[in-house]
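Biologist: Before I look closely, could you walk me through how a model like this one is read, feature by feature?

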Amino acid sequence: MNNKLKQREKWYWLLVALVELVLFISSSMTYKQQTSVPFLQRHLGENNRPFYDFLNSFGFQYGSKYQSVKNDGYINFVEFLIRKTAHFGTYFILGLFLCLALYTYFKHNSFLKIFIPWMSATGLAAFDEFHQGLTGGRSPMVEDVILDSVGALVAILLTVLIVYLLKKRQKKLHPFSMEY
């Protein structure tokens, strides 16, 4: 299993770089360049509101603002959820590839297999928010760094667990093999 990870390491680093490139480009764009509100208005307009009843039934505090359909309107609340899901999802993918790229460097230390990629992703999230703060019409948020960090951590924990289970299965199937 470790040999396979080591052989694919350069591809994982390439994927880390690609995710970072996407994040850099995204945080370089103004809100107006990036907004999906016009698209959502065209496709979800007044007559087509899937999940309206569900989304209208809850709200939550995010940063200094209470987010809800009542406060933001249906379209803006949907866009907010999409944007925050994109934060979580992008850093989930980044955490996955960072974990796989760094996995073989910490052969016998499970803590470092989790901690180093997680802190790397969290640092990248903080830098990305700082970069976003230099872009007009955008403001950096600590809450976004936390959301990004949690996305990365979930992916890293799942990756470590899956690799552990695969190694355990491989050991059971091939008890005398030297590769684990």
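Biologist: Which residue stands opposite Gln61 in β2?

Modeller: This is a predicted model, in which local features need pLDDT of at least 70 and side-chain atom pairs count only at pLDDT 80 or more, while totals for chains, interfaces and linings use all residues. Residues are numbered from 1 along each chain as its sequence is written, and side-chain values use heavy atoms, with hydrogens and water left out. Strands (E, at least two residues) and helices (H or I, at least four) are DSSP runs numbered from the N terminus, and two strands pair if DSSP finds at least two bridges between them. Here Tyr66 is the residue opposite Gln61, and β1 (residues 59–62) pairs with β2 (residues 65–68) in the antiparallel sense over 4 bridges. The two strands form a hairpin with 2 residues between them, and Gly63 in the turn has a positive phi of about 70°.

Biologist: How do the axes of α3 and α6 cross?

Modeller: Two packed helices are described by the angle between their axes and the distance between the axes. Axes are lines fitted to C-alpha atoms, for helices over the stretch in contact (heavy atoms within 4.5 Å), and angles run from 0 to 180 degrees between N-to-C directions. The axes of α3 (residues 37–44) and α6 come within 10 Å and cross at roughly 125°. That makes α3 oblique to α6, since angles under 35 degrees count as roughly parallel, over 145 as roughly antiparallel, 65 to 115 as roughly perpendicular and the rest as oblique. Val37, Leu40, Gln41 and Leu44 in α3 meet residues of α6 including Tyr74, Ile75 and Val78.
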